[in-house]
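Visitor: I am new here. Please walk me through what is on show.

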Amino acid sequence: MMMILGIPAPLLFGQLLLGVVNGAFYALMSLGLAIIFGMLNIVNFAHGALFMLGAFTAWGLLNYAGIGYWWALLLAPLIVGAFGVLLERLFISKLYKLDHLYGLLLTFGLALILEGLVRNYYGSSGLPYRIPSQLQGAQNLGFMIMPNYRGWVVLAAIVMCVITWLVIEKTSIGAKLRAATENAPLVQSFGINVPLMITLTYGAGVALAAFAGVLAAPIYSVNPNMGANFIIVVFAVVVIGGMGSILGSIVTGFGLGIVEGLTRVFYPEGSATVIFVVMVIVLLARPAGLFGRAH
Amino acid sequence: MSLSRRALLGTAAAVPAAATFRSARAQRPVVKIGVLTDLSGVYQDIVGPLAVESTRLAVADFGDRGFDVEVLIGDHQNKPDIGSNLVRQWYDRDGVDIVVEGGSSAVALAVSGVARDKNKAYINSGGATSDLTGTQCNANTLHWTYDTYMLAKSTGAAMVKAGGNSWFFITADYAFGHALTRDVGNFVTQAGGRVLGGVRTPFPGTTDFSSYLLQAQASGAKVIGLANAGADTTNCIKQAKEFGITTPLAGLLMFISDVHSLGLDTCQGLVLTESFYWNLNDRTRAFSDRLWKRMPNRRAGMANAGPYSSTLHFLKAVQAMGPAEAKKSGAALIAQMKKMPTDDDVHGQGIIREDGRKIHPAYLFQVKKPSESKGPWDYYNLLGTTPADEAFRPMKDGNCPLVKA
């Protein structure tokens, strides 16, 4: 058997591929965070809780309304996105004039409340959600068995990332959005409704989190803590990529998934820490992040 | 509910009456029980609110025998520092006499030390590490429901007997996972098997176990031992199925709530050990029906039910000593509890050993096929029973300082 650095090659390739799968979640989540931070200047700590709500909404749609996975993939982001719009209007919009710290505290509090409520009603051990029948089964790639569903997750995440990037970089809406990020009063003076745009941006970022939540539901158990486990890592991804950088968050998301996957082979105990080690190094070398611009 | 003016006036009149009644009773002695448990984290369903309710049920079943019982509730958040600080406050400020349930292994080891320093009593139910009655034992602590040795002996030995003679462990990287891996590893090597390797996974915070499962498969081991619990275990089982891993999994610590969460479809055929199952015999069914009335929709696993058994025994000891005497010294109270045989609906008859280990049988269960299950929570077939005197580590092997003395 071929060996690379003392590890059998098939195992190493398997871990690389799994890294890409996990990276897909990191990319989707950090993309939403980056959009929200870029536009609203809010560090959205509720992102993990909204990811979890996406998964629970999919579960609820199936169990209370008989609506399956594919519709949930469309409906759950819309429902949770609408909820995000409500949150923005009721709470977050009051804080734009204040320091970052207030937004952070508010969204962190919201996350605790949301997770606590869900835990209270559904317990902590999680709820089962089946992989849709079309995506069951697995492909034998020679060096590992690749479940079809994981392949679909990577594909869906890449497509969603590309669409989001195109919308922001190539459409007129995206252009207005970027302009408003740079100088909101000026854009408003052209007759563009900036507050509405901000609200919708928050809704869209939240919808991305919910979309990732639906993708995650069949893989991880649908439980109230599923977002809390993710959110810290995802923040590190955003910081490493450069706060607010769309491309940075996508590339870093996938990249760190791979770094984490490799750590799981060479030093499993460190797999939860390695991302933060990378973060420290990156911040020391490039304080604005890999893709960020210093202001 | 509508409130009439008359009803409101009636309530207002009743309040002073109740106050007088209370002051008349104020002379009665009060014993205080603190239920320290996980109310917000990954182990909430394994212990949590249902463990609190089973403690309250024990108080209700014990009835009024001349002293009042107060139950306090606290959340340790699976952090030893939070757990031990809370317990220190309970003992020092709130006059708590005994802490029950008492959290997962890391919290348990910390709280046990606090109980010793303050000379109060502590009965752990939810924790697993066999060190509580081994090298870390003390005169103020009892370990009640199960431990890593019991799990290793029952599930581990059964898997080896079935031909699983080479193992790879996926271990939660803290006191509990380490103890469980050690105890199971000992049984495997004693039985002539081999431990091929293992990975320690960060706890809490690991959600994706597929990398570890692939490493386990690549090791060529015949059994993958899951030395973790709760959501970690359910994620492992779910993802092993997804990745088509055919190596048998040994869920070394699984509870009925985990099976409920995964569904019989995914869990069928798995072998696991509990010291309590709601549908085991007439007494467990009677207990479970009483608990169900207080908290419907969930059936208790052993860690939910354990605090009932331990609280009841504590109350009997208080009655035997007299409340005033019982409140004086935690070590004397624990010594009294060790002198008395135990008897309750959860574990039947049992005893408590000198090292603080509560002794009762361990049951090896296999999870039913969906077609075998007659209804909700009908999940287990009984495969075998380890008798009480064999289910736990012999006292001489534990190196507990109390036993030498």
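Visitor: How do the axes of helix H1 and helix H8 of chain A cross?

Guide: This is a predicted model, where local features need pLDDT of at least 70, side-chain atom pairs count only at pLDDT 80 or more, and totals for chains, interfaces and linings use all residues. Residues are numbered from 1 along each chain as its sequence is written, while chains are lettered from A and ligands numbered from 1 in the order in which they are written. The axes of H1(A) (residues 9-40) and H8(A) (residues 194-216) come within 9 Å and cross at roughly 170°. Axes are lines fitted to C-alpha atoms, for helices over the stretch in contact, with angles from 0 to 180 degrees between N-to-C directions. Helices are DSSP runs of H or I, at least four residues, and strands are runs of E, at least two, numbered from the N terminus.

Visitor: Why is H1(A) called roughly antiparallel to H8(A)?

Guide: Angles over 145 degrees count as roughly antiparallel. The crossing is roughly 170°, so H1(A) is roughly antiparallel to H8(A).

Visitor: What makes the contact of H1(A) with H8(A), by class?

Guide: It has 18 nonpolar, 3 polar and no charged residues. Nonpolar means Ala, Val, Leu, Ile, Met, Phe, Trp, Tyr, Cys and Pro; charged means Asp, Glu, Lys and Arg; the others, Gly among them, are polar.

Visitor: Which strands of the sheet in chain B are called edge strands, and why?

Guide: The open sheet runs E7-E6-E8-E9 in chain B, with parallel pairing. Strands E7 (194-201) and E9 (249-251) of chain B each pair on one side only. Two strands pair if DSSP finds at least two bridges between them. E8(B) and E9(B) have 3 bridges, so they pass that definition.

Technical notes:
Parallel < 35°, antiparallel > 145°, perpendicular 65-115°, else oblique.
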